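This report describes a structure for a reader who is new to the subject. Please look at the sequence and the model before reading on.

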Amino acid sequence: MTVRDVAVEAYREALPALAASLVGGLIAGVVLGGMRAELRAVPGLLVLVPALLATRGNVYGSLGARIATALHQGLIEPHVVGGDERLRAAAIAALANGVLTSTFASIVAFFLLTFLGSRVAPLPILVGIAIVAGLLSGIVLTVVVVTVVFAGYRRGRNPDTIVGPLVTTTGDVFGILFLLIAVRTILAIAGVF
Amino acid sequence: MLPVLLVLTLVEIGSGLILGSFEAELLRYPSLLVLVPVTIGTAGNLGSILAARLSTSFHLGTLSFSPADDELAGNAIATVVLALTVFPIIGVGAWILTALVSGSTALSLEKVVLISSTSGVSLAVLAVFVTFTATYIAYQFGLDPDDVVIPVVTNVCDVLGVVVLFAVSQLLI
């Protein structure tokens, strides 16, 4: 193949996935743009955004890849009913990894910002936001990844090619959306006490 | 998997600190804030698609690490052209959505498109460089590029996405 052939093929293969994640990224951006009041109310929250978004991609991308491999190997059946043992274990492990990593991110961000002398919200607020956002987005992303990968597989699509764009798109949207819900919830609870 | 996640989180906190350092500008110009997730996401995707293609060619034995290699050159060109295709659309999308949601945007349409396009092309060039380097290092150490290169490239591109967006908006605003 000539350089031109390689370039044309690579371009054609990548464009649909990029277009899908572009839409997800822009929706996530609009939600983030609408969160300016919350970002002002919780100093340090913006520092957490890249870590939380990347965690969604890393954890649930890997869950999707595992499910795709298990489907290819015939280890699991593409039906949610009955709750397959392996599937449940993989989903719980992903959820635990997601929540632990988000909590770790909030603790590191708090201490780094305190050390740097920057303004930062109290530790329990940041940790609370990270846990609630990690848990809610994790549950929704697990359901979305399992449902869409199974549905695609039953329609004869290769699950490997579905997982990447699916997780980058829904991960960004649900990551930011549940971050907003988590911030509002935690601020409301903190306001009561 | 957890130790890898924790290390990657530290890298992402680094990009969060850069983001935090221009928080005032991001809050003043909402279109810039809208650009943040889509810019880092697209940069990471460009890198991970390139990495997946290179590691497949590597496993098939059609890749050689020479500047004259057709696979390397073709994939590098495609990455830059992809950035030239999507980033102007991202700029227009971010501006329109900000105008619809917040009413006013504080930055002109041309300026937002210029910022997103300049950031996008710089990021594509950086993504090519990072992916080639990571794949070459994995190859030298006898590691499977499928396991190592994609997470490294995605997360490094996330950080570079924030750094480049910061640098370009400092330069152009």
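## The model

This is a predicted model, in which local features need pLDDT of at least 70 and side-chain atom pairs count only at pLDDT 80 or more, while totals for chains, interfaces and linings use all residues. Residues are numbered from 1 along each chain as its sequence is written, and chains are lettered from A and ligands numbered from 1 in the order in which they are written.

## Where the chains meet

In total, 51 residues of chain B are in contact with 48 residues of chain A (contact: C-beta atoms, placed from the backbone, within 7 Å). On the side of chain B that touches chain A, two or more residues come from each of α1 (2-21), α2 (23-28), α3 (30-60), α4 (70-102) and α6 (145-172) of chain B. Helices are DSSP runs of H or I with at least four residues, strands are runs of E with at least two, and both are numbered from the N terminus.

The most residues on this side, 18, come from α4(B). By class, this side of chain B has 32 nonpolar, 13 polar and six charged residues. Here Ala, Val, Leu, Ile, Met, Phe, Trp, Tyr, Cys and Pro count as nonpolar, Asp, Glu, Lys and Arg as charged, and the others, Gly among them, as polar.

## Helix α3 of chain A

Of the 29 residues of α3(A), 23 are buried, so this helix is largely enclosed by the rest of the structure. A residue is buried if 20 or more other C-beta atoms lie within 10 Å of its own, exposed if 12 or fewer, and partly exposed in between, with C-beta atoms placed from the backbone. Just after α3(A), A:G74 takes a positive phi of about 75°.

Conventions:
Two residues are in contact if their C-beta atoms, placed from the backbone, lie within 7 Å.
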